[in-house]
Amino acid sequence: MRRCEVVAWGKPLEMREYPTPEPRGSEVLVRVTACGVCHSDLHIHQGYFDLGDGERLVLEERGTRLPFTPGHEIAGEVVAMGPEAEAPGVETGREYVVFPWIGCGRCGPCLRGEENLCPRPRFLGAYEGGGYASHILVPHPRYLVPFDGLPRELACTYACSGVTAWAALGKTGVRRDDQALLLIGAGGVGMNALALAPSRVPGPVAVADIDPEKRELALGAGAAAAFDPSAPDVVERVQEWSAGGAWAVIDFVGRPETARFGLSCLVAKGGTLVVVGLYGGRLELPMPWLPLRALTLRGSYVGTLDDLRTVLRLAQEGKVPPIPVTRRPLEEANAALADLAAGRVRGRQVLVP
Ligand SMILES: [Zn+2]
Ligand SMILES: [Zn+2]
């Protein structure tokens, strides 16, 4: 089998050959057919998250070891199953999306079905090796979700950008059709949020992105409005569009600048800012805002296995307009990461081994 690996943090990934493993116990061997390139792969490649003021969350200090195979938006065909690998609907020769946000399986969050909140995560492509490879071992067939009827290059993106968008939409507190929602960042996750919004929030949805092409793409995909956050009068325009401010903002970028912009676009009182992006930095805000503006500031991190099943079912029912997807051979992983870092990607790039 082949893996496209980070061999030194921040240096080009290298393609290496390994013996194809045999699944043991409940393990399942999956031949990867598509793997999305997510923005967080850039941080994994660099080996750290920027905490601001020169501080870093270093991946090696939390147990991620080199060489490391990124990739957590995986679709693939089951080619072998361990002797104890049994789950309804999972069989060899069939293709599935792999749920990558796998926990320890024993703690409270895991037993409640919130493995994405497990304090001892085994996330594929983040803690354990991922899908920039020809094959991957999945610890149990229960993490495989069928996607019959959908293109694999689209279905795989729902494992991260789909569930992340779905879970974040659920945290906005938007319940009424007069409550406007603003999405900051129209990349892969933002575009999937736009596609999933009609199934989860009743109010109008606008997008803010500095890239005019991405704004056009968002308007074509159903955004009620698209704003340029670098325009001097942008906050007034958002306030006008939303009749006094957005009820909620989801920040898919996650920089201090985007979070501050999001806060300034919210209603005067009772609004919610959901931060999803991991770009990095440090946010300062006046503490009295929290009580005086009855402000909710919260984060959202990926989603649950149930979220993935829901998103794939909605997509199969034709309720999720497809985001633009660009196929590239796995050998182009370095170029794909460089294009993503430079902001040259519309929707999602998907690597095909
Ligand atoms: Zn991701
Ligand atoms: Zn756990």
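This is a predicted model: local features need pLDDT of at least 70, side-chain atom pairs count only at pLDDT 80 or more; totals for chains, interfaces and linings use all residues.
The protein is divided into two parts. Domain 1 takes residues 2-160 plus 302-352. Domain 2 takes 165-299. How far apart are their C-alpha centres? They lie 27 Å apart.

The two domains touch. Domain 1 gives 24 residues to that contact, and domain 2 gives 17. Look at the domain 1 side. Three elements each supply two or more residues there: helix α1 at 39-46, strand β4 at 48-52, and helix α10 at 305-316.

Next, a pair of helices. Find α4, residues 161-169, and α5, residues 188-200. Their axes come within 8 Å. They cross at roughly 50 degrees. Angles of 65 to 115 degrees would count as roughly perpendicular, and those under 35 as roughly parallel. This pair is therefore oblique. Left-handed or right-handed? The crossing of α4 and α5 is right-handed.

Who makes the contact? From α4, we have S161, G162, T164, A165, W166, A168 and L169. From α5, we have G188, V189, N192, A193, L196, A197 and R200. Sort the residues of this helix contact by class. Eight are nonpolar, five are polar and one is charged.

To recap: two domains with centres 27 Å apart, and two helices, α4 and α5, in a right-handed crossing.

Note on methods. Residues are numbered from 1 along each chain as its sequence is written. Chains are lettered from A and ligands numbered from 1 in the order in which they are written. Axes are lines fitted to C-alpha atoms, for helices over the stretch in contact, and angles run from 0 to 180 degrees between N-to-C directions. Helices (H or I, at least four residues) and strands (E, at least two) are DSSP runs, numbered from the N terminus. Angles under 35 degrees count as roughly parallel, over 145 as roughly antiparallel, 65 to 115 as roughly perpendicular and the rest as oblique. A crossing is left-handed if the near helix is turned anticlockwise from the far one by less than a right angle, and right-handed if clockwise. Two residues are in contact if their C-beta atoms, placed from the backbone, lie within 7 Å. Ala, Val, Leu, Ile, Met, Phe, Trp, Tyr, Cys and Pro count as nonpolar, Asp, Glu, Lys and Arg as charged, and the others, Gly among them, as polar. Domain bounds come from an automatic or database domain assignment.
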